[in-house]
Every structure is written in C-alpha cells, then in structure tokens.
Amino acid sequence: MGTVGDDETAAFHAFFERHYAELARLAHLLTGEADAADDLAADALVALWRHWDRVRGAENPVAYARGVVANLARSRIRSAVRERRRIALFWSHRSEHVDGPDVPAVLDLREALQRLPFRKRACVVLRHAFDLSERDTAAALGISVGTVKSQTSRGVAELERLLAPRTAEPDTVPAGPRAGAQDPGAARILGAPAQPARAGTRTGRGV
C-alpha cells in the first residue's frame with residue numbers, strides 16, 4: 001500500500017511541476033488578476049489531488065485541470081463584482097504604469113479581455129493564447145465544439161470592436177472585419193505559440 005501511495009504522490013508532483021505555470025497563466029488571463037492567478041491554480045491543484053485517482057485515470061488530465069481552473073475563475077468573477085470594479089479602476093489609470101513601447105498594447109488587450117463575457121473570454125484565451133484545438137477547448141470548458149466556434153468568433157469580433165478606437169487612425173477606415181484578429185502583434189501579446197506565422201496569412205478566418 002505504501003508503494004501505491006508513493007507512486008500516486010510522485011505522479012501528482014510530476015503533474016504539478018509540469019502544469020502549474022500553465023494553469024496559473026490561464027487563471028491570470030481569465031480573471032485579469034496576477035495575484036489571484038497563483039491562488040486559483042493552487043486551489044485547482046488541491047481539488048485535483050483530492051480526486052487524483054479519477055483525474056489520473058481521465059482521458060485527458062490536463063483538460064480536466066483546465067476545466068477546474070475555468071470553473072474556479074468563473075465563480076470568482078460572478079461573486080466578486082466589487083473586485084471587478086477595482087480592476088476596471090486600475091486599468092483606467094494604466095498610463096501611469098506604461099514605460100515601454102509594447103506595454104500599452106498589452107494593457108489595452110487585457111483590458112478588452114476583461115470586458116468580454118466569461119465564456120467568450122475563456123474560448124478566446126484557450127484557442128489563441130494556449131493554441132488549443134476546438135475539441136480540446138470544448139473538453140476543458142465542458143461545452144460543445146459548435147459553441148466553442150461561435151463563442152470564439154463572437155469574442156474575437158468584440159475584441160476588434162473594443163480595440164478599434166485605439167488602433168485605428170482618426171481619418172482611416174479599418175481594413176476589414178477581421179483586421180484585429182489577424183494582427184500578429186495581438187497574438188504575441190496573448191502568448192500563443194506559433195500564432196504569429198499563421199496569423200500573418202490571409203487563408204484562414206482565425207477561428
């Protein structure tokens with residue numbers, strides 16, 4: 001029995017070391033709170049440990065873990081209206097913290113993400129920041145692939161609308177309805193691996 005317990009503990013520790021940073025980053029993008037991200041990731045891993053035998057036997061333990069993080073983030077957002085107002089106030093004073101040429105774009109995009117409804121935000125983050133497939137995104141969020149497609153498409157469109165006043169010149173017209181989604185700079189801000197090269201083409205819709 002001790003050997004089995006040791007094996008389970010070792011497997012969990014390996015999972016923790018491999019995926020903790022990813023889960024914390026996911027929590028950060030979903031909530032917009034760097035401090036809360038570590039707590040949410042830790043809470044998710046505690047929950048996983050309590051049911052580790054079931055998690056370890058799941059078809060995709062990482063997708064299961066992402067789903068736990070997403071549920072914890074959604075619960076936090078729904079129950080923390082005051083906290084969201086505090087975050088909005090922080091972003092409204094973002095110019096005080098800007099000290100590099102790329103920082104304004106990062107702040108604008110992350111502010112816009114926080115204005116999306118949670119499901120759209122989660123779909124956009126998992127598809128574009130984590131470069132997950134539609135199927136893996138659906139598995140993580142417990143929704144259908146069709147819902148992932150529609151929510152991602154609508155989320156990207158809303159991001160374009162929210163970012164357009166900051167990215168377009170006053171006397172110019174945006175190049176097209178997907179201009180923001182195809183911008184490789186936005187993909188780099190979200191941190192999607194290999195997204196810039198794909199976003200640089202005009203062969204896909206981005207969702």
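Of the contacts in the chain between residues at least 6 apart in sequence, 67% join residues at least 24 apart; a contact means heavy atoms within 4.5 Å. The model is a predicted one, in which local features need pLDDT of at least 70, side-chain atom pairs count only at pLDDT 80 or more, and totals for chains, interfaces and linings use all residues. Residues are numbered from 1 along each chain as its sequence is written, and side-chain values use heavy atoms, with hydrogens and water left out.

The chain contains eleven helices and zero strands. Helices are DSSP runs of H or I with at least four residues, strands are runs of E with at least two, and both are numbered from the N terminus.

Of the 207 residues in the chain, 40% are buried. Buried means under 20% relative accessible area, exposed over 50%, and partly exposed in between, with a 1.4 Å probe and protein chains only. The accessible surface is about 12,000 Å², and carbon and sulfur atoms hold 52% of that surface.

Arg66 lies in helix 4, residues 61-79. Arg66 counts as buried because its relative accessibility is 11%. Leaving aside residues up to four places away in sequence, Arg66 touches Glu22, Leu23, Leu26, Leu126, Leu132 and Ala140.

Mean pLDDT, the predictor's confidence in each residue from 0 to 100, is 74 for the chain, and 63% of the residues reach 70 or more.

Methods:
Accessible areas come from the Shrake-Rupley method with a 1.4 Å probe; for residues, only the protein chains shown count as cover.
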